[in-house]
Amino acid sequence: MASLRFAVRSVRIVESGSRISNKHVRSFSIFNAKLAGSGFSQYPLVSSVSGLSRPIEPFTVRRFASAAAAPVGGVVSFNLADIGEGIAECEIIKWHVKQGDTIKQFDLLCEVQSDKASVEITSRYDGIVARLHHNQGDMAKVGFPLVDIDTGGSGSPASQPAASAPPAGSSAPPSVPVPSATMTGSDGRPLATPAVRRLAREHKISLADVAATGRDGRILKEDVLQFISTGGAPTRATALNQPPASASPAVAAPAPRPAAVSSPASAAAVRAAAVPVLEDRVVPVTGYGKAMIKSMTAAAAVPHFGYSDEIAMDRMRQLRADCKAIADARGVKLTFMPFFLKAASMALRQYPILNSSFDAGRLAIVYKASHNIGVAIDSPNGLIVPNIKNCQDKSVFEIAQELHRLQKAAQAGAMSPADLSGGTFTLSNIGSIGGTYASPVLVLPEVAIGAIGKIQKLPRFDSEGRVVPVHIMQISWSADHRVIDGATMANFSNLWKQYLENPNTIILDMK
């Protein structure tokens, strides 16, 4: 439109008989080219102007067309796409196809493990698997071939309209005869993309209950949103086609891996079943272990200082006991951790410098508006630190829901990169395994972290000097001494302690 306005002004100059310079001639030529290339054939192009110092030079219009990336036949190399910022390679942790298998668009090809998360890779084409470029356990580089697919003339990208749901009122066969509750992939799960699976996990939805409208009984994002909008009530297609309760249950997630050691009894069982190392062997560090090496090496260069205290937990124990039955009725196990996280978020409002990061390049402190509080979780793949986003806007129960989701995802090895990035503060509950005091290491670029010890019944003196039993929990803080001083850390800890020892103050100060 800017070119069109300029042309109108130029034409008015011509009509008034004004003399036009060579600069205007070039402008006419540029406008003509834009006009012709934009498809405005109904507008006459300026071809001659009276009073010019020289005639308009002829020009040509070059047209560019982009061809579709879909192969028309033969073997196409499927490259490993960029799955996250800063990720250059991934470990192939599981193949779901083998050479010679026939696959369709959106079929699950493999699972890869990066430094930050595990991701499912799906196919963009129909065809036959011609070659796997890596074995299970190999490291695959982003941007390089992952698998070769023989499209045989029928390949088409997943982004083409053929993969979308048929429009309402069309004569295409309806998807009701092939409901999502029974259509599953080779891994036993309902057919859906990783993005759709994540949306379902976030809303605590089993894909087995969602009716599919996509191709070959595939569940689309719109199907999940429709399921949510109807309040989670099964659709008619699902209700009519879902197998009875006595039938084999629909699988909505992979089988959980062995749980992390959390008690002396289970630890003894693990020791009894352990296989001794009979000879030296070299094991490459990959996945989460590799990420931990990088982060801990960087954190070692930051000057830490520690601060510890103990908290009387008797009133908090009573509050949790009062709320536990309500949370159980809502389908969520209520632990102490949601209270710890909410109390930390409320204390961060008073001491926002603890919810910041240090920019060494600019020598600046970056204050974070969101309280994305990380929680260290001992998963089968090692220690990971996902974070609960925007704790300042969540209730204790909403934090408990999100914590439950993260714990399930960690045990299933299905943690997303979004869950593992963007943290601003961290609490590690080492007491769930054992121990009282610790020296936690910062999760950069955060500037503070707390390690929570186990709760013990210990003798303490009351206000009248009598020895009384008290449930005591220790807390150990570490902070970046470039940003945080000892007084600030102590004041923050005292406020957090006050919220836990007098839970009524949480109600008074909660917004």
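# Salt bridges, burial and cysteines

Visitor: Why does K324 count as partly exposed?

Guide: K324 has a relative accessibility of 29%, and since buried means under 20% relative accessible area, exposed over 50% and partly exposed in between (1.4 Å probe, protein chains only), K324 counts as partly exposed. This is a predicted model, in which local features need pLDDT of at least 70 and side-chain atom pairs count only at pLDDT 80 or more, while totals for chains, interfaces and linings use all residues. Residues are numbered from 1 along each chain as its sequence is written, and side-chain values use heavy atoms, with hydrogens and water left out.

Visitor: What makes the meeting of the D328 and K324 side chains a salt bridge?

Guide: The term requires a side-chain nitrogen of Lys or Arg within 4 Å of a carboxyl oxygen of Asp or Glu, and the N to O distance between K324 and D328 is 3.2 Å, so the pair qualifies. Both residues lie in helix α8 (residues 314-329), 4 residues apart, about one turn of the helix. D328 is itself partly exposed, with a relative accessible area of 40%.

Visitor: Which parts does the pair D309 and K497 tie together?

Guide: The side chains of D309 and K497 meet in a salt bridge at 3.6 Å, N to O. D309 lies in strand β9 (residues 304-312) and K497 in helix α12 (residues 486-501), so the pair ties together parts that are 188 residues apart in sequence. The names of these elements come from DSSP runs, numbered from the N terminus, with helices being H or I of at least four residues and strands being E of at least two. D309 has a relative accessible area of 16% and is therefore buried.

Visitor: How many salt bridges does a search of the whole structure find?

Guide: The search finds 11, and one of them joins R482 and D480 at 2.8 Å, N to O. R482 is partly exposed at 40% relative accessible area, whereas D480, at 1%, is buried.

Visitor: Why is D419 called buried?

Guide: Its relative accessibility is 6%, so D419 counts as buried. D419 sits in helix α11 (residues 417-420) and touches R198, P386, N387, K389, R405 and L406, leaving aside residues up to four places away in sequence, where a contact means heavy atoms within 4.5 Å.

Visitor: What joins the side chains of D419 and R405?

Guide: They are joined by a polar contact of 2.9 Å, a term for a pair of N or O atoms within 3.5 Å, of which, within protein, one must be able to donate a hydrogen and the other to accept it, while residues adjacent in sequence count only if both atoms are side-chain atoms. D419 and R405 also belong, with E402, to a network of salt bridges.

Visitor: How many disulfides does the search find?

Guide: The search of the whole structure finds 0 disulfides, a disulfide being a pair of cysteine sulfur atoms within 2.5 Å. Among the cysteines, C323 is partly exposed, with a relative accessible area of 26%, and C391 counts as buried at 0% relative accessibility.

Visitor: How much of the protein do buried residues make up?

Guide: Buried residues make up 38% of the 511 residues, in a protein that holds 13 helices and 18 strands. Of the contacts with a separation of 6 or more, 66% are between residues 24 or more positions apart.
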